[in-house]
Amino acid sequence: MHRPTRTRAPGGRDDCWSEGATSTLITAWGDRYLQLNRGNLRQNDWKEVADAVNSGLNGGVKASKTDVQCKNRIDTLKKKYKLEKSKPSPSTWPFYHRLHSLIGSSPDSAVSTKRKPSIPTLTVKSPDLKPKPPGGSTESSIGCEDGEDCNGDSVRKRRMEAVGLSGGAAVRELAGAILKFGELYERMENLKQEQMMELEKQRMEFTKELEFQRLNMFKDAQVELEKMKRPKYAPCRGKKL
């Protein structure tokens with residue numbers, strides 16, 4: 001016969017749970033846990049769980065359980081289940097199998113053992129560029145004339161010519177694109193130079209006009225100063241007879 005489990009939690013809380021109360025708690029919590037698709041219970045759900053546990057007590061001899069106490073008790077049972085599950089030997093804990101059916105394969109119990117899915121790796125095999133023995137597909141595709149050594153320099157030369165013929169169109173197209181780009185760049189540079197020369201010409205004309213106006217103003221000022229420096233003569237008096 002197992003003794004009632006007693007759990008002391010911080011803050012002076014006294015959670016004395018008998019096996020009957022614990023069994024009722026697991027049943028009430030488990031039903032709602034499965035109804036919510038193994039999701040977290042809300043506050044109203046925990047109040048219903050507490051009411052179910054309190055209704056199962058013997059005539060109110062035991063203190064009524066609150067929703068907070070029920071939630072803390074479930075958390076304690078989950079920790080106990082994980083501890084029992086980590087043991088190598090089969091567990092003799094009376095609530096192990098009931099909790100295993102509820103959280104044994106749930107995300108809560110599989111978080112610590114969850115592994116990242118392996119990403120398949122793709123390997124690309126590079127083509128074999130080594131020359132094959134005489135009579136192989138490579139030499140036959142290129143063609144060896146009578147009397148030629150298919151493993152000698154002639155085979156490598158023919159391969160280079162074949163690659164050059166297949167890539168000649170692409171090279172010509174690339175060269176044409178580069179040439180067009182060069183012509184466009186040259187036109188843009190010429191236009192830029194012309195604009196800079198036009199701006200410089202306008203700047204010089206404006207500077208010249210400004211200097212001309214400054215000289216005129218200076219001359220006008222000099223004339224005014226000369227007029228101010230001239231003595232003012234008094235009117236001539238009549239001669240004595």
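**Figure 1. Salt bridges of the predicted model.** Seven salt bridges are counted, a salt bridge being a side-chain nitrogen of Lys or Arg within 4 Å of a carboxyl oxygen of Asp or Glu. The model is predicted, so local features need pLDDT of at least 70 and side-chain atom pairs count only at pLDDT 80 or more, whereas totals for chains, interfaces and linings use all residues. Residues are numbered from 1 along each chain as its sequence is written, and side-chain values use heavy atoms, with hydrogens and water left out. Side chains of opposite charge can pair when their charged atoms come close.

**Figure 2. The salt bridge between R42 and D45.** The closest N and O atoms of R42 and D45 are 3.8 Å apart. R42 counts as exposed because its relative accessibility is 52%, while D45, at 10%, counts as buried. Buried denotes under 20% relative accessible area, exposed over 50%, and partly exposed the range in between (1.4 Å probe, protein chains only).

**Figure 3. K80 and E84 within helix α3.** A salt bridge joins K80 to E84, with 3.0 Å between the closest N and O atoms. Both residues belong to helix α3 and lie four residues apart, about one turn of the helix. An α-helix has 3.6 residues a turn, so residues three or four places apart point the same way. K80 is partly exposed at 32% relative accessibility, whereas E84 is buried, with a relative accessible area of 7%. A network of salt bridges links K80, E84 and K87.

**Figure 4. R214 and E211 within helix α7.** The closest N and O atoms of this salt bridge between R214 and E211 are 2.4 Å apart. The two residues are three residues apart in helix α7 (residues 153-229), about one turn of the helix. R214 counts as partly exposed at 48% relative accessibility, and E211 likewise counts as partly exposed at 34%.

**Figure 5. The crossing of helices α1 and α3.** The axes of α1 (residues 19-35) and α3 (residues 67-86) come within 11 Å and cross at roughly 95°. Axes are lines fitted to C-alpha atoms, for helices over the stretch in contact, and angles run from 0 to 180 degrees between N-to-C directions. T22, L25, I26 and W29 of α1 make the contact with C70, R73, I74, L77 and K78 of α3, where contact means heavy atoms within 4.5 Å. Six nonpolar, one polar and two charged residues form this contact. In this classification Ala, Val, Leu, Ile, Met, Phe, Trp, Tyr, Cys and Pro are nonpolar, Asp, Glu, Lys and Arg are charged, and the others, Gly among them, are polar. The buried residues of α3 include C70, R73, I74, L77 and K78.

**Figure 6. The packing of helix α1 with helix α4.** The axes of α1 and α4 (residues 96-103) come within 11 Å and cross at roughly 10°, which makes α1 roughly parallel to α4. From α1, S23, I26, T27, W29, G30, Y33 and L34 meet R98, L99, L102 and I103 of α4. The contact divides into seven nonpolar, three polar and one charged residue.

**Figure 7. Secondary structure of the protein chain.** The chain has seven helices and two strands, arranged along the sequence as β-β-α-α-α-α-α-α-α. Helices (H or I, at least four residues) and strands (E, at least two) are DSSP runs, numbered from the N terminus.

Methods: Angles under 35 degrees count as roughly parallel, over 145 as roughly antiparallel, 65 to 115 as roughly perpendicular and the rest as oblique.
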